[in-house]
Amino acid sequence: MDSSSTRRQVTRQKLYEAAVTLIAEQGFSSTTVDEIAERAGVAKGTVYYNFKSKTELFEELLRHGVGLLTASLRAAADETEERGGTKVEALDAMIRAGLGFIDRYPAFTQLYVAELWRTNRAWQSTLLVVRQEAVAVVETVLREGVDNGELSKEIDIPLTAAALVGMVLVAALDWQAFQRERTIDDVHSALSLLLHGRVSGRR
C-alpha cells in the first residue's frame, strides 16, 4: 500500500470516528459536514474529496463499522475451529467477540441499532446488506453444527442467527447504558448460559 492510500485511509478513519460520535449525539439531520470536518480536524473540502455527500459518508460508515463486527465474528469462529472446538464453542466465542466490539465502539453500535428501526432512510438497502453479512457468519456456524449433528435439525437457522446477533446487541447496549458496574465477563457469562440452555436450572 502506497503512502497516499495510507493517508487516505487514516483520513477516512478520522471522518468515520467524528461522524459516528456527532450523529449518535445529535442525529443525522442535525449534524453538518462542517461539524464533522471540525471534529475530525480536517478541512471541509477533505470531507467532499473522500465522500460525495454526508449521506454517502454515512453509508460508508455503516459498511465500515459492520464490516469490523463481521470480521471479529468470523475470526472468533475460525480460531475456535483451528483449536478443534465445537460449533457451540464457536458461537460462544462469537458472543464474546460481539461484546468486545460493542465495548470498543459503543457509539457506532447505538447508531446502528437505532437505524435498524428506521425504514425511510436513503441507506436502508445498504443497512440490510451489511446486516445480512454479519448474520450470515452466524448462520454458517449454525448450519455446520446442524450438518455434523451437534445441533438440532429443528433449528430455524436464519431466525436463530438473527436472534443471537440481536441478543448480543441489546444485552450489550443495556450493559453500556444501565449496568456499567458489570464487567464484560459478567455479560458474557449471562449470555453463555442462555446459549447453553441452562437458564432453567436443568442439566
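Which helix does Thr126 lie in? I looked this up first.

The model is predicted, so I kept local features to pLDDT of at least 70 and side-chain atom pairs to pLDDT 80 or more, while totals for chains, interfaces and linings use all residues. Residues are numbered from 1 along each chain as its sequence is written, and side-chain values use heavy atoms, with hydrogens and water left out.

**Thr126.** I found Thr126 in helix α7, residues 124–147. Helices here are DSSP runs of H or I with at least four residues, strands are runs of E with at least two, and both are numbered from the N terminus. Thr126 counts as buried because its relative accessibility is 5%. The cut-offs are under 20% relative accessible area for buried and over 50% for exposed, with partly exposed in between (1.4 Å probe, protein chains only). I then listed the contacts of Thr126, leaving aside neighbours within four places in sequence, and got Glu59 and Arg63. Contact means heavy atoms within 4.5 Å. With Glu59 there is also a polar contact, side chain to side chain, at 2.5 Å. A polar contact is a pair of N or O atoms within 3.5 Å; within protein, one must be able to donate a hydrogen and the other to accept it, and residues adjacent in sequence count only if both atoms are side-chain atoms.

**Glu115 and α6.** Why does Glu115 count as buried? Its relative accessibility is 2%. Glu115 sits in helix α6. Beyond four places in sequence, Glu115 is in contact with Phe58, Arg121, Trp123, Gln124 and Leu127. The buried residues of α6 also include Phe108, Thr109, Leu111, Tyr112 and Val113. I noted that the buried residues of α6 pack against α1, α4, α5, α7 and α8.

**Helix α8.** This helix covers residues 157–178 and reaches 31 Å from its first C-alpha to its last, close to the 32 Å expected. The expected span is 1.5 Å times one less than the number of residues. At the start of α8, a side-chain oxygen of Asp156 comes to within 3.2 Å of the backbone nitrogen of Leu159. The buried residues of α8 include Leu164, Val165, Val168, Leu169 and Trp175. Their cover includes α5, α6, α7 and α9.

**Largest pocket.** I read off a volume of about 260 Å³. Pockets and cavities are found on a 1 Å grid over the protein atoms alone: a cavity is a set of points where a 1.4 Å probe fits but cannot get out, a pocket is an open set with protein on both sides within 12 Å along at least five of seven lines, and lining residues have an atom within 4 Å of a point. Which residues line the largest pocket? Among them are Tyr112, Trp117, Arg131, Val165 and Leu169. The elements giving two or more residues to this lining are α6, α7 and α8, and α8 has the largest share, five residues.

**Second largest pocket.** Its volume is about 170 Å³. Of the 14 lining residues, Gln13, Glu17, Val20, Tyr105 and Phe108 lie nearest its centre.

**Cavity.** How many cavities of 30 Å³ or more does the structure hold? I found one, and the largest cavity has about 130 Å³ of space. Its lining includes Leu69, Met94, Val138, Val165 and Leu169. Helix α5 gives the most to the lining of the largest cavity, with five residues.

Methods. Grid points are joined across faces, edges and corners, and a volume is the space filled by probe spheres set on the points.
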